[in-house]
Amino acid sequence: MLSRDDFLSLNFVKKEDFTGSHKGMRFMLHQEAVEDEKKLKVYLWSEPFGFEATPDEEKISELFAFSEEGLGCAIDWMNAHYESIAKKQPT
């Protein structure tokens, strides 16, 4: 399972996207403006390809508050989707 220790500061995400992977699941954290409010957009997809090489229909995403609490909720959401994403990985 992913934990808060697996992620850099939200200050990093303010400057550029944060990408990573966990046992077959890839993820990207992105700062997005929604109605003049900063949000944390999280994308999940299955390995082996990176974000740009993976078709949009093979990714899922969700918006969270751009805060430590929002990041905690995002991590919970990623963990909840881990098995369904990782199972899509080619063998």
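1. Confidence along the chain. In this predicted model, confidence in the protein chain is lowest in helix α2 (residues 68-86), where the mean is 94, and highest in strand β4 (residues 60-65), where it reaches 98. For the protein chain as a whole the mean pLDDT is 94, with 97% of residues at 70 or more.

2. The sheet. Four strands form an open sheet in the order β1-β2-β3-β4, and their pairing is antiparallel. Strands β1 (18-22) and β4 are at the edges and have a single partner strand each, so that one side of each lacks a neighbour in the sheet. From one strand to the next, the twist averages 25 degrees.

3. Aromatic pairs. The structure contains seven aromatic pairs. In one of them, F12 and F18, the ring centres are 6.1 Å apart and the planes stand at 90 degrees, which makes the pair edge-to-face because planes over 60 degrees apart are classed that way. F12 is partly exposed, with a relative accessible area of 30%, whereas F18, at 13%, counts as buried because it falls under the 20% cut-off. F12 and F18 also belong to a cluster, linked by ring pairs, that includes F7 and F27.

4. A charge over a ring. The charged end of K59 sits over the ring of F51, at 3.5 Å from the ring centre.

Terms used:
Residues numbered from 1 in each chain as written. Predicted model: local features only at pLDDT ≥ 70, side-chain atom pairs only at ≥ 80, totals over all residues. Heavy atoms only, no water. pLDDT = per-residue confidence, 0-100. Helix = DSSP H or I, 4+ residues; strand = E, 2+ residues; numbered from the N terminus. Pairing = 2+ DSSP bridges. Axes fitted to C-alpha atoms, helices over the stretch in contact; angles between N-to-C directions. Phe/Tyr/Trp six-rings, centres within 6.5 Å; stacked < 30°, edge-to-face > 60°. Buried < 20%, exposed > 50% of the residue type's maximum accessible area, 1.4 Å probe, protein only. Lys NZ or Arg CZ within 6 Å of the ring centre and 35° of its normal.
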